[in-house]
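Biologist: I'm new to this one, could you walk me through a few parts of it?
Modeller: Gladly, let me bring it up first.

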Amino acid sequence: MLGFIIFIVIVAVLVIWVIGLYNTLVRARNAVKNAWSQIDVQLKRRHDLIPNLLETVKGYMKHERETLEAVTQARTAAINAGGVAETGKAEGMLSGALKSLFAVAESYPDLKANQNFLALQEELTSTENKIAFSRQAYNDATMQYNNKVQMVPTNIIAGMFNFKEEEFFEIEIPTEREVPKVSFSE
Amino acid sequence: MWELIRANRRKSVFLVVIMAALLFVVGYAAGELLIGQGGGVIGLFFAFAVWIIMTLVAYFQGRQIFMTVSGAQKIKKEDHPQLWNVVEEMVIASQLPKIPDIYIIDDPAPNAFAAGRNPANAAVAVTTGLLNRLKRDELQGVIAHEIGHVKNRDILFMTMIGVMLGAIVLITDIAVRSMFYGGHRRRSRTASSGGSQFELIILVAGIVLMILAPLLAHLIYLAASRKREYLADASSAQFTRFPEGLALALEKIAHTPIKMKKINRVTAPMYTVNPLQKASAKAAGLFSTHPPIGERVKILRSMAGGSTYMAYNEAFQQITGSRSSIVPQSALISPESRPAGTAPPGPVPGLRQMEGAALLAAAVPEPATQAGKVRQTTDALWKARNYRFIHCDCGAVLKVPPDFKRREFKCLRCKKVHSA
């Protein structure tokens with residue numbers, strides 16, 4: 001009788017332990033999914049901010065039509081892009097176009113004194129940061145999750161219930177990966 | 001991250017149990033000493049009641065008390081967009097469920113603290129001095145440190161253990177005082193009843209305990225506090241992927257000779273840098289709430305292996321010569337320590353590695369002058385107090401108090417009449 005009770009207790013403890021492990025895996029996987037959706041939220045926010053920026057800048061930067069058009073085109077391309085690879089590439093282009101817009105704005109003192117422009121610049125810079133941080137958070141969450149999928153004892157549960165490793169976010173655009181070339185000779 | 005929080009919780013529970021045991025022993029001894037034999041149980045109940053009441057107040061009102069005592073003012077996004085954005089960025093990086101409430105303290109000394117019992121109820125407060133002095137990168141480091149406190153559940157833990165410390169100090173204080181003033185009655189009674197050897201030993205042991213217990217409780221509290229500061233620094237590096245930001249900020253804070261205005265021994269341990277502790281201190285004394293700034297900066301600067309918890313831990317052990325781990329082992333999973341035969345995931349790219357760092361450095365809009373930055377901060381305070389801003393054509397900005405009743409008023413510079 002006593003042996004039977006001990007047996008039942010051991011089984012119960014084991015079951016609770018397995019449930020605990022399963023739940024940590026689910027929690028880690030949900031963190032990965034949530035982090036991924038955060039990236040989309042921030043990308044969307046950037047798309048929404050750009051028309052305002054262009055509207056503010058237009059009056060000051062009359063001679064920079066090409067720069068402004070590049071931003072508009074990159075935005076349209078980014079909104080219409082489908083699939084992870086294409087989206088990554090288009091968003092990279094948009095980052096680049098915005099970078100050159102802000103660089104050109106440096107030579108317009110009136111524009112730099114405009115409160116509206118400064119506010120938008122802060123918003124866009126922060127959004128840029130938030131995109132980067134949400135990608136970083138996605139990678140952190142993915143690393144946590146993948147560690148759990150691979151390591152003892154959670155890997156056993158992961159194998160039983162078909163938890164698959166997630167992929168890390170990596171930059172799709174080759175130019176962003178390159179180390180900037182600095183040349184001192186004329 | 002989960003491992004970190006959970007390992008933290010285990011350690012916290014252990015320390016809380018020790019403190020609780022100390023509290024009850026003190027309560028029992030105080031009862032025996034003051035009321036006489038058999039009074040220990042009453043003392044025990046008294047200690048328990050004091051503890052429960054203080055804990056409930058701290059749990060539900062702690063944040064409000066802290067904010068009121070330090071004169072902090074809650075802001076909205078429009079009041080100081082940059083501060084708000086920096087907090088939001090760190091919330092994203094740390095994967096907190098919700099953005100904490102943000103407060104500004106009108107004080108020229110640069111500092112910051114976090115409060116609130118859990119991430120859903122958290123608040124971050126920064127001084128105007130901090131906003132005026134730090135660049136965006138540095139501010140980000142400080143905010144990440146505070147978010148680290150929130151994420152690691154440090155605030156709840158330090159409040160709980162601080163409350164117990166307070167209760168122990170209170171009870172021993174009452175006991176010692178009443179023994180000092182009302183002791184004659186008891187002593188004469190003991191003398192008349194002959195005073196057994198045993199009772200005398202109890203009396204002496206009790207008095208020694210009354211003196212030592214608060215000291216011991218204080219040491220536990222401080223050791224826990226220092227460890228949490230290192231951990232929050234490690235979190236800051238992990239979230240920003242840029243340890244140098246916090247290092248620069250700490251140096252600036254340490255080298256500012258201004259003292260904080262509204263500060264006392266209760267609120268001081270909550271700040272990024274303890275405002276009552278000498279910045280020049282070289283070693284972490286047993287009686288300091290924070291590790292010395294110089295050492296914190298040195299650890300952040302020597303994080304050679306990237307900006308992960310592991311890199312911080314290595315740097316910590318190297319600088320302090322300590323063998324203990326600042327971060328629990330279970331959270332220190334490196335690609336090398338994974339089981340053989342599984343594919344290494346490769347380095348996890350952080351912000352700096354992923355985006356062109358040049359973009360961030362160049363496009364961050366810093367107000368051109370120090371004056372511009374100060375104006376941005378003071379404007380935030382006006383806005384937080386619900387002043388209305390009216391831009392006059394002459395370029396002046398009129399700040400109208402919320403309780404201003406007149407319908408019309410003149411611009412102070414050009415005398416143009418504005419209507420409310």
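Biologist: In which sense do β3(B) and β4(B) pair, and over how many bridges?
Modeller: This is a predicted model, and in it β3(B) pairs with β4(B), residues 123-127 of chain B, in the antiparallel sense over four bridges.

Biologist: What stands opposite A112(B) there?
Modeller: A112(B) faces V126(B), which belongs to β4(B).

Biologist: And what's the strand order of the open sheet in chain B?
Modeller: Four strands make up that open sheet, running β1-β2-β4-β3 in chain B, and the pairing is mixed. Its edge strands are β1 (72-74) and β3 (112-115) of chain B, each of which pairs on one side only, while the twist averages 25° from one strand to the next.

Biologist: Which helix lies across β3 and β4 of chain B?
Modeller: That is helix α5 of chain B, residues 136-151, and it runs at about 20° to β3(B).

Biologist: Switching topic, at what angle do α7 and α10 of chain B pack?
Modeller: Helix α7 (residues 197-240) and helix α10 (residues 309-320), both of chain B, pack at about 135°, with their axes 9 Å apart. Because of that angle, α7(B) counts as oblique to α10(B), and α7(B) passes α10(B) in a right-handed crossing.

Biologist: Which residues make the contact?
Modeller: From α7(B) they are Y230(B), A234(B), A237(B) and Q238(B), and from α10(B) they are Y309(B), Y312(B) and F316(B).

Biologist: How does that contact split by class?
Modeller: The contact of α7(B) with α10(B) has six nonpolar residues, one polar residue and no charged ones.

Technical notes: Residues numbered from 1 in each chain as written. Chains lettered and ligands numbered in written order. Predicted model: local features only at pLDDT ≥ 70, side-chain atom pairs only at ≥ 80, totals over all residues. Axes fitted to C-alpha atoms, helices over the stretch in contact; angles between N-to-C directions. Helix = DSSP H or I, 4+ residues; strand = E, 2+ residues; numbered from the N terminus. Parallel < 35°, antiparallel > 145°, perpendicular 65-115°, else oblique. Left-handed = near helix turned anticlockwise from the far one by under 90°. Contact = placed C-beta atoms within 7 Å. Nonpolar A, V, L, I, M, F, W, Y, C, P; charged D, E, K, R; others polar. Pairing = 2+ DSSP bridges.
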